[in-house]
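Visitor: I would like to learn how to read this model. Please take me through a few features, one by one.

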Amino acid sequence: THFGYREVPKDAKESLVKDVFSSVASSYDVMNDAMSLGVHRLWKDSFVAHLNPGRADQSRPGMRCIDVAGGTCDIALRILDHARERHADRELSVDVVDINPDMLAEGAKRVRKTMYHNTPQIAFHVGNAQDLGSEAFPDNSYDLYTIAFGIRNCTSVPDVLREAYRVLKPGGTFACLEFSKVTQPLFAQVYDSYSFSVIPLLGTILAGDRDSYQYLVESIRRFPPQEDFARMIQEAGFATGGLWEGKRGAWTDLWGGIASIHTGVKL
Ligand code: SAM
């Protein structure tokens, strides 16, 4: 269709996504920084700061978090640091789940350089967001479910949301950071040409891999806009409507909608 992109049959998508992330695993961090000019770090910081994980009252059992599509542990490490630095909480734990063992291996390598290495605070699991499996991940287990730049790679968003709902405890929070629709038309044009020409080019130069980065750009375009995604979260049973810088809403846009954060609470 557009820009020479080939439509991918649904059942082939999962293995394609696997290949994409295997081939980018080792260059993933460099590329992320190059593509977003380092901004993804700021977005991840504000995502975790907003969620404010951890608790000061350590007479209660530690908060249980699950970071799905957790790849290189960008979110998991921020959650752990936030809990420790803000709440002196070292009871909180994060289960990191990713479909791709190569991405998980990159994450594990990073965790090895931190104080969380070999502690019960972090664990790694190969698993599919769409079907986590009720044996490994029983119902009503987690206080916080996060998924950052992962859900758009999944074949079925409703399946991911259903699993998120299942594994969360009642009162638990679902939080998603994802590329989104730029709302300002002029800025949208600039952003479109940037993503369609610059990103695959950077992929070629920095990672020698144009196709994987072309795929990433296409997957961003296909993902539903903010309103539709918020409705899907509600349809999965979540109550949306957090407080974002004093204003109520189901989501908040970052950088004019290049990315957005959606949250929901399991009722
Ligand atoms: N959360 C990390 C971050 O923000 O840097 C990694 C994001 S990376 C763009 C997307 C990740 O989603 C990859 O590690 C990929 O292996 C994983 N992924 C793709 N499809 C998945 C699925 N169905 N279940 C679990 N993980 C998946």
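Visitor: Which residues in H2 meet which residues in H7?

Guide: First, the ground rules. This is a predicted model: local features need pLDDT of at least 70, side-chain atom pairs count only at pLDDT 80 or more, and totals for chains, interfaces and linings use all residues. Residues are numbered from 1 along each chain as its sequence is written. Helices (H or I, at least four residues) and strands (E, at least two) are DSSP runs, numbered from the N terminus. Two residues are in contact if their C-beta atoms, placed from the backbone, lie within 7 Å. Now the case: Val30, Met31, Ala34 and Met35 in H2 meet Ile199, Leu202, Gly203, Leu206 and Ala207 in H7. The contact of H2 with H7 has 8 nonpolar, 1 polar and no charged residues. Nonpolar means Ala, Val, Leu, Ile, Met, Phe, Trp, Tyr, Cys and Pro; charged means Asp, Glu, Lys and Arg; the others, Gly among them, are polar.

Visitor: At what angle do the axes of H2 and H7 cross?

Guide: Two packed helices are described by the angle between their axes and the distance between the axes. Axes are lines fitted to C-alpha atoms, for helices over the stretch in contact, and angles run from 0 to 180 degrees between N-to-C directions. Here H2 (residues 28-36) and H7 (residues 185-207) cross at roughly 145°, and their axes come within 10 Å.

Visitor: Is Ala69 buried or exposed?

Guide: Count C-beta atoms, placed from the backbone, within 10 Å of the residue's own: 20 or more others is buried, 12 or fewer is exposed, in between is partly exposed. Ala69 is buried because it has 27 C-beta neighbours inside 10 Å. Ala69 sits in the loop between strand E1 (64-68) and H4. Its phi is near 55°, a positive value in a residue other than glycine.

Visitor: And where is Asn140 found?

Guide: Asn140 lies in the loop between strand E3 (122-126) and strand E4 (142-148). Asn140 also has a positive phi of about 55°, although it is not a glycine. With 12 other C-beta atoms within 10 Å, Asn140 is exposed.

Visitor: How many residues surround the ligand?

Guide: A residue is near a molecule if its C-beta atom, placed from the backbone, lies within 6 Å of it. Here 21 residues surround the ligand, and Ala69 is one of the closest. By class, the shell has 11 nonpolar, 8 polar and 2 charged residues.
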